[in-house]
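Please keep the sequence and the structure in view while reading.

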Amino acid sequence: IDAIRIENPTQYASAMKDIKSMREDGKKDEVERAYYCRFVKGEQSYFDPEKVDGIFSDDISKYDSYTGECDIGVDFGGQVKSRTVITVSALIDGTIQRLYNKVYEVGEDKNLITDLKVVMEKFPNWQRIIPDDCPAGWHRIQEMRDLGWNVEPMSFRTWKIKKFGAFRSMMNKGLVKSYKDDNLKVEMK
């Protein structure tokens, strides 16, 4: 709400009316999540916030390189809001471990293919690239295929329920680990 207040006073006034109305309707948790970035556990949360907290550990470091088998994920950002992210993960002793990530701010992913080549050198036993199969990524996916890379796009719409459900199940069993990353933790909550 503070960002809205600074960026758009008219929208801020409207949002404050919504906040007042929602609080009067007893939707305190929804207000805290939507307007104050306080990620309280609510009935709408897909991931249990306490389980999300269990993923991130100061005892795990971000890898600069790794010689074991791993996968490279690419989440294509949009043109206005979402960011592009490269993530390297591996299944180590039955646990999904996040090894590395690189985040591009909106519109700053022009060197994605070049950066992927560097990631492949640092993680030489990568098995496949799993990009988000979306219109924003179509050209880049084609470019990856043209380079002869093993690319297995994932259709978010088709696989969302199955993949996110499996991930949540593993997370709830304590089988997902990552180095500390406050931005990702906030997104997951």
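In this predicted model, Asp-181 is found in the loop that links β6 (176-179) and α8 (182-188). Is Asp-181 buried or exposed? The relative accessible area of Asp-181 is 15%, and a residue counts as buried when that value is under 20%, so Asp-181 is buried. When neighbours within four places in sequence are left aside, Asp-181 is in contact with Phe-56, Arg-98 and Asn-101. Lys-81 stands 100 residues from Asp-181 along the chain, and the C-alpha atoms of the two are separated by 20 Å.

Asp-71 belongs to strand β2, and Asp-93 is placed in the loop between β3 and β4.

| Residue | Relative accessible area | Class |
|---|---|---|
| Asp-181 | 15% | buried |
| Asp-71 | 17% | buried |
| Asp-93 | 79% | exposed |

The contacts of Asp-71, not counting residues up to four places away in sequence, are Thr-87, Val-88, Ser-89, Gln-127, Arg-128 and Ile-130. Asp-93 has a backbone feature of its own: its phi is near 50°, a positive value in a residue other than glycine.

The overall architecture can now be considered. The protein has 8 helices and 6 strands, and from the N terminus on these elements run α-α-α-α-β-β-β-β-α-β-α-α-β-α. Along its principal axes, the C-alpha trace spans about 55 × 35 × 30 Å. The protein comprises 189 residues, of which 31% count as buried. Among contacts with a separation of 6 or more, 57% are between residues 24 or more positions apart.

Which residues have the most contacts inside the largest nonpolar core? They are Ile-72, Leu-116, Met-144 and Trp-149, within a core of 24 residues. At least two residues of this core come from each of β2 (70-75), β3 (84-92), β4 (95-104), α5, β5 (126-131) and α6. The element that gives the most is α5, with 5 residues. Trp-149 touches Ile-113, Leu-116, Lys-117, Met-120, Trp-126, Ile-129 and Met-144, again not counting residues up to four places away in sequence. There is also a second, separate core of 7 residues, which includes Phe-47, Val-52, Phe-56 and Met-171. Phe-56 was named above as a contact of Asp-181.

Two packed helices are described by the angle between their axes and the distance between the axes. Helix α5 (residues 112-122) and helix α6 (residues 138-146) have axes that come within 11 Å and cross at roughly 45°. This angle makes α5 oblique to α6. The crossing in which α5 passes α6 is right-handed. On the α5 side, Leu-112, Ile-113 and Leu-116 take part, and they meet Arg-140, Glu-143 and Met-144 of α6. By class, this contact has 4 nonpolar, no polar and 2 charged residues. Leu-116 and Met-144, both part of the contact between the helices, are also among the residues with the most contacts inside the largest nonpolar core.

Conventions:
Residues numbered from 1 in each chain as written. Predicted model: local features only at pLDDT ≥ 70, side-chain atom pairs only at ≥ 80, totals over all residues. Heavy atoms only, no water. Axes fitted to C-alpha atoms, helices over the stretch in contact; angles between N-to-C directions. Helix = DSSP H or I, 4+ residues; strand = E, 2+ residues; numbered from the N terminus. Parallel < 35°, antiparallel > 145°, perpendicular 65-115°, else oblique. Left-handed = near helix turned anticlockwise from the far one by under 90°. Contact = heavy atoms within 4.5 Å. Nonpolar A, V, L, I, M, F, W, Y, C, P; charged D, E, K, R; others polar. Core = buried A, V, L, I, M, F, W, Y, C linked by side-chain atoms within 4.5 Å. Buried < 20%, exposed > 50% of the residue type's maximum accessible area, 1.4 Å probe, protein only.
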